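The definitions come along as they are needed.

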Amino acid sequence: MIHQETAIMLVEQINKELYSGYLYMAFANFYEGRKLSGFAHWYMVQAAEEYQHAMKIRSFLIRSGHPVALGAIEKPNTSLNDCGDPLHAALKHEQYITASIETIYGKALEVKDHLTVEFLDWFIMEQAEEEASAQKLIDRFELIGCETGRGLRMLDRELSQR
Ligand code: FEO
C-alpha cells in the first residue's frame with residue numbers, strides 16, 4: 001500500500017514531469033526558430049522521455065489502487081534570448097526535479113512507505129543521468145558558442161542523431 005501523503009506527492013510529480021515535457025517542447029520550438037533542428041530534435045526526444053516518466057508514476061499509482069486526479073499544466077516559464085539559454089535552463093530545471101524526487105523519497109522513508117522508496121530508486125538514478133547529460137551539453141556548447149559557425153553546425157548535426 002502506498003501511503004496517502006506520498007501518493008499525493010506522486011500525483012503532483014506527474015504534473016511536474018508533464019510540465020518538464022512542455023518546457024522542453026518550448027526549447028525545441030525556440031531552436032526551430034533559429035534553424036537549429038538538431039537541438040530542437042534533442043529537446044523533443046527529451047520531452048517524450050518526460051512523458052514516459054509521468055506515465056511510469058501514473059501506472060505505479062493505478063496499480064496500487066490510487067486515484068490520479070490531474071491538474072492543469074502551467075505555461076512554460078521561459079525567457080530565452082541567447083542560443084545557450086535553454087541549455088542552462090534545462091540544467092536548472094533538472095536540479096529542481098531532482099530536489100522534488102528527493103523530497104518524495106524522504107517522505108516515503110519517514111512514513112515507512114517501502115513500496116514508494118523502491119519505486120523511486122529508478123528515478124534517483126535517472127535524475128543523476130539527466131543532470132549529467134544537461135551539464136555535458138553545456139560543457140560542449142561552451143567550447144563553441146552561439147555564432148553560427150562550423151562547430152555549432154556540427155554539434156547540431158550530432159544532436160539530430162539522438
Ligand atoms: Fe523526468 Fe528530466 O526529469
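Contact here means heavy atoms within 4.5 Å. Leaving aside neighbours within four places in sequence, H53 is in contact with E17, W122, F123, E126 and E130. This is a predicted model, in which local features need pLDDT of at least 70, side-chain atom pairs count only at pLDDT 80 or more, and totals for chains, interfaces and linings use all residues. Residues are numbered from 1 along each chain as its sequence is written, and side-chain values use heavy atoms, with hydrogens and water left out.

H53 sits in helix α2. Helices are DSSP runs (H or I, at least four residues), as are strands (E, at least two), and numbering starts at the N terminus. Is H53 buried or exposed? H53 counts as buried because its relative accessibility is 3%. The cut-offs are under 20% relative accessible area for buried, over 50% for exposed, and partly exposed in between (1.4 Å probe, protein chains only).

Now the whole chain. It has 5 helices and 0 strands. Its C-alpha atoms fill a box of roughly 55 × 25 × 25 Å along the principal axes. Of its 162 residues, 43% are buried. Take contacts between residues at least 6 apart in sequence: 81% of them join residues at least 24 apart.

In soluble globular proteins, nonpolar side chains tend to be buried together. A nonpolar core is a set of buried Ala, Val, Leu, Ile, Met, Phe, Trp, Tyr and Cys residues joined through side-chain atoms within 4.5 Å. The largest one has 25 residues, and F27, Y31, F39, Y43, L87 and F141 touch the most other members. Two or more residues come from each of α1 (4–33), α2, α3, α4 (114–142) and α5 (150–159). Helix α1 gives the most, with 7 residues. L87 touches Y31, F39, Y43, L137, I138 and F141, not counting residues up to four places away in sequence. A second, separate core has 16 residues, including V11, F119, L120 and F123.

Next come the charges. How many salt bridges does the structure hold? There are 4, each a side-chain nitrogen of Lys or Arg within 4 Å of a carboxyl oxygen of Asp or Glu. One of them joins the side chains of E5 and K107 (3.1 Å, N to O). This pair links distant parts of the chain: E5 is in helix α1 and K107 in helix α3, 102 residues apart. K107 is buried because its relative accessible area is 18%, whereas E5 counts as partly exposed at 38% relative accessibility. K107 also forms a salt bridge with E110, the closest N and O atoms being 3.4 Å apart. Both residues lie in helix α3, 3 residues apart, about one turn of the helix. E110 counts as exposed at 55% relative accessibility.

Another salt bridge joins the side chains of E49 and R162 (3.3 Å, N to O). E49 lies in helix α2 and R162 in the segment after α5, 113 residues apart.
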